[in-house]
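Here is a short report for someone meeting this structure for the first time. Please look over the sequence and the model before reading on.

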Amino acid sequence: MERPRRRLVITLVLAVLALVLGGGLVWIRMDLAAARAAAEEREAALRAAGVHAVSLLSIDHRTVDQDLKRILSTSTGAAREAYAKEAPARRKATLDHKVTQTGVVRSAGLVAMNGDRTAADVLVVADALIRWEGAKDAPEERFYRWTMRVSKVGSAWLVEKAEQVP
Amino acid sequence: MTRGDDDVRGDEWGIGGAGEPGGTPSGERAGRSGGGRARRRPYGDDEPREPRLRAVPGEDAGEDPDAAHTPHRRRSWARQKGYPGRAGQLGAHAAGEPYGDGDDGDGDDGEDAFAGPGFREPVLTAPDPAPAPAYEDVEPEHEAPRRGGGGLLLTALLAVAVVVLAVATTLSYLELRTLRRSEADGAAALTAARSYAADMLAYDHRHIEADLARARGHATARLDGYYRQLAATLIPQAKREQAVQQVTVAGAAVESATAERVRVLMLINRTTSKLPPGHRSRKSEVSQGRVRFVMVKRGDGAWLVDELSTLLGNPPART
């Protein structure tokens, strides 16, 4: 009399446990997926800002058209429009002075990301080394600090705004 | 597991079927298990389903001692599990038995198939007369053991499911907690770093000892060593030049945040004013800097600066 009843109780308890755990697991997995996605998006946003910074700083008179295209392809919206507008002047200056400029990112950090994970504010710190071919001047090192707004366009993060921090 | 005397048969079947088919049956069980074994033989001992099948007859036997046990068992098993195919399979197998009548395409027919005296014989001719009292013992609760027997499988499956779910839930929860913590730690460390920036980097020659002591209050033991070294050169120099350095934070961001270690990037503006010996007026200079604070969490939850760097790496490669 005792055992079957006890087993029934155990079975019921296990069933309830399984249900509770199953529900909990589904719930946790959903949160986990969101948290993982958020972490990935944060990294993607930082990477995009860093790539854009390198594009901005790396320009070579021998590959100037390619370099300018890369600036456009890593940006969007207002920033892209501004770059497109500046491009001819920049191209001319680069060619005229036979500039070779190389950029490197020292650091990029996330200030904030919006709840939808579609836009983020990023700080980027980068250095550039500028050489003028044929010039006697030593290469010049320049330091840059940017605050960038990156936004997700489709599946890509692109820089929408890039301002130097005074 | 403890067993009451009354339901020992059902359990013996259940347990024996589940784990130890070669267990030592008592006399009464020997008769029945002998019959059961004869019926099972064609399945082979490694047939995984078999223990479950075997687990049932003892219980059904209790329900209907005078009739053949097997068909009942099969039928009820098949119904219970919703496995008509399994019942049919059993029937087919039974048809191969010497006493079977070859019927039993489905579970219900099995009753007739096994009702033949030839089939019943191994059970009823068991040498030990003990079965009868045992049946009587079980009789009043014949419903319960059957449920319990099917329940045993259900219970076992549920137990496995619970264990698997518990492990999966725990692992997922731990990962979620780590991710959430690193996010929360990042935000907390960012706030702390921002508020420490002036303490760590600003000084005034009039009270530079106190300034450095304050900086060391936010430093880990490692960085504290650096500040002690710095004090040896900075204090006399600052006093000599009457230097005052002020620091404002123009921007702060989280570079990376892992478990209790967060790298914070800060854009700082330093205003340094000096009156070097021999000069009549103070010189003031503003510089735009970038610093990284590596923040670590102390046991009590307070954030400390473990590393401080100015992010002035080697110039980019020249092409």
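This is a predicted model: local features need pLDDT of at least 70, side-chain atom pairs count only at pLDDT 80 or more; totals for chains, interfaces and linings use all residues.

Residues are numbered from 1 along each chain as its sequence is written, chains are lettered from A and ligands numbered from 1 in the order in which they are written, and side-chain values use heavy atoms, with hydrogens and water left out.

**Chain B**

Chain B has 12 helices and 5 strands. Helices (H or I, at least four residues) and strands (E, at least two) are DSSP runs, numbered from the N terminus. Of the 319 residues in chain B, 46% are buried. Buried means under 20% relative accessible area, exposed over 50%, and partly exposed in between (1.4 Å probe, protein chains only). Among contacts in chain B between residues at least 6 apart in sequence, 59% join residues at least 24 apart. Contact means heavy atoms within 4.5 Å.

**Pockets**

A pocket is found on a 1 Å grid over the protein atoms alone: it is an open set of points where a 1.4 Å probe fits, with protein on both sides within 12 Å along at least five of seven lines, and its lining residues have an atom within 4 Å of a point. Grid points are joined across faces, edges and corners, and a volume is the space filled by probe spheres set on the points. In the class counts, Ala, Val, Leu, Ile, Met, Phe, Trp, Tyr, Cys and Pro are nonpolar, Asp, Glu, Lys and Arg are charged, and the others, Gly among them, are polar.

| Pocket | Volume | Lining by class |
|---|---|---|
| Largest | about 570 Å³ | 14 nonpolar, 5 polar, 5 charged residues |

The largest pocket is lined by 24 residues, and the closest to its centre are A:R42, A:L110, B:E183, B:V254 and B:A257. Helix 1 (2-57) of chain A gives the largest share of this lining, 7 residues. Strand 2 (99-113) of chain A, and helix 10 (143-201) and strand 2 (244-258) of chain B, each supply at least two residues.

The second largest pocket has 27 lining residues, and B:L201, B:Y203, B:L234, B:Q245 and B:R270 are the closest to its centre. Helix 12 of chain B gives the most to this lining, with 8 residues.

**B:R292**

B:R292 is in strand 4 of chain B. Is B:R292 buried or exposed? B:R292 is buried, with a relative accessible area of 16%. Its side chain makes a polar contact with the side chain of B:E255 (2.5 Å). A polar contact is a pair of N or O atoms within 3.5 Å; within protein, one must be able to donate a hydrogen and the other to accept it, and residues adjacent in sequence count only if both atoms are side-chain atoms. Leaving aside neighbours within four places in sequence, B:R292 is in contact with residues including A:R106, A:S107 and B:R263.

**Helix 2 of chain A**

In helix 2 (residues 64-73) of chain A, A:V64, A:D67, A:L68, A:I71 and A:L72 are buried. Seen down the axis, the buried residues fall within an arc of 145°, so they line one face of the helix. The arc is that of the directions from the helix axis to the C-beta atoms. The face turned away from the buried side carries the exposed residues A:Q66 and A:K69.

**Two loop residues**

A:K98 lies in the loop between helix 3 (77-96) and strand 2 of chain A. Phi of A:K98 is near 50°, a positive value in a residue other than glycine. A:R117 lies in the loop between strand 2 and strand 3 (119-132) of chain A, with phi near 60°.
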